[in-house]
Amino acid sequence: ITLPSSWANKLDQHSHATSGLLSILLMAFTLVIVSFSCTGPIIGTLLVEAASRSLLAPTVGMLGFSVALAIPFTLFSLFPNWLKKMPRSGGWMNVLKVSLAFIELAFALKFLSVADLAYGWGILPRWLFILLWTIIFALLGIYLLGWLRKLLPDDATFHWTTKVQEWTVHHFLRGILAICSLYFAGYLWFGVFGAQVRLIAAFAPPMPIESKAVFYDYEEGLQFAKQENKPILLDFTGYGCVNCRKMEAWVLSDDSVKKRLENYVLITLYVDDKHAYKDADFTIGDYNSKLQREQFGSNAQPFLVQLNAKGEKIAEPCAFITDPNEFLNWLKL
């Protein structure tokens, strides 16, 4: 959704026709109209937050968002000579754009993976996701070394040199970034074969849970816990939850934590699962989210609760933790 371009054109004309603070305000207003499609989702979320909860968080969010956008334009308007000192566009700008394009491809796969997991399409398993990331960052490293000039003619003026005395700042930065990208690709390669690769734990599909008592339905898990007379660890999570993936990689996969979890029946509930709940007119995610809100008064993930075999709380719930020892201290058994 974009606003009419005529609005931005008229404001831009008025900003050039005026001077002083009014010109600065008109330039800022022009930026708001031009970038409306990008700011809309963020501002919309904050407005919903303001209508449903306290005003403190939306106010801080609005202030931080507006200040971050306003500072550079305000400074360049007050001190226009600074613009003349900025580096001119050229080959380096194209390198930046192409490099960011590779990174954007990687993040596009992350969002595709979230949809794939939520709807159960099965088109992007964990090993394939990591393999594609490996290829992307390997190609990025190769590109930065200047070996894709035939495919990218805008970079034809760059020539890699092995003579240190001929290196420029451009060569130095590309070399460092190329090494980092290729090293990262090599690190990811081990994840294709099942390694944890914790550096991308927040973005990759979750690792399979190694436990005999794992359930993805609350009622089934509760019934099993009653039969075995074992306590329950209720884990509210989400396919699109970055902190959930980080906690799984850094805490729940820790050997000492996994050993303690053998004392529990683990019930993992995804709040964004789009499958229908037992042929009902709502989804599994809707059911799990409602369960979390109504029984435990929370709507954030990760959110873990310890219950006894009857489904009663035996400790205060736990949110995001990155320290395995802190998590072990929280566990009752």
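Biologist: Which residue stands opposite Ile267 in strand 3?

Modeller: Phe215 does. This is a predicted model, where local features need pLDDT of at least 70, side-chain atom pairs count only at pLDDT 80 or more, and totals for chains, interfaces and linings use all residues. Residues are numbered from 1 along each chain as its sequence is written, and side-chain values use heavy atoms, leaving out hydrogens and water.

Biologist: How many bridges pair strand 1 with strand 3?

Modeller: 2 bridges, in the parallel sense, with strand 1 being residues 214–215. Strands (E, at least two residues) and helices (H or I, at least four) are DSSP runs numbered from the N terminus, and strands pair if DSSP finds at least two bridges between them.

Biologist: And which way does strand 2 run, parallel or antiparallel to strand 3?

Modeller: Parallel, with 6 bridges joining strand 2 (residues 232–237) to strand 3. Phe236 stands opposite Leu269 there.

Biologist: Is strand 3 buried or exposed?

Modeller: 6 of the 6 residues in 265–270 are buried, so strand 3 is largely enclosed by the rest of the structure. Buried means under 20% relative accessible area (1.4 Å probe, protein chains only). Val265, Ile267 and Leu269 cover one side, and Leu266, Thr268 and Tyr270 the other.

Biologist: Switching topic, what angle do helix 2 and helix 4 pack at?

Modeller: About 140 degrees, with the axes 10 Å apart, for helix 2 (residues 20–34) and helix 4 (residues 56–78). Axes are lines fitted to C-alpha atoms over the stretch in contact, and angles run from 0 to 180 degrees between N-to-C directions.

Biologist: Which residues make the contact?

Modeller: Ile24, Met27 and Leu31 of helix 2, with Leu69, Phe73, Thr74, Ser77 and Leu78 of helix 4. Contact means heavy atoms within 4.5 Å.

How values were computed: Buried < 20%, exposed > 50% of the residue type's maximum accessible area, 1.4 Å probe, protein only.
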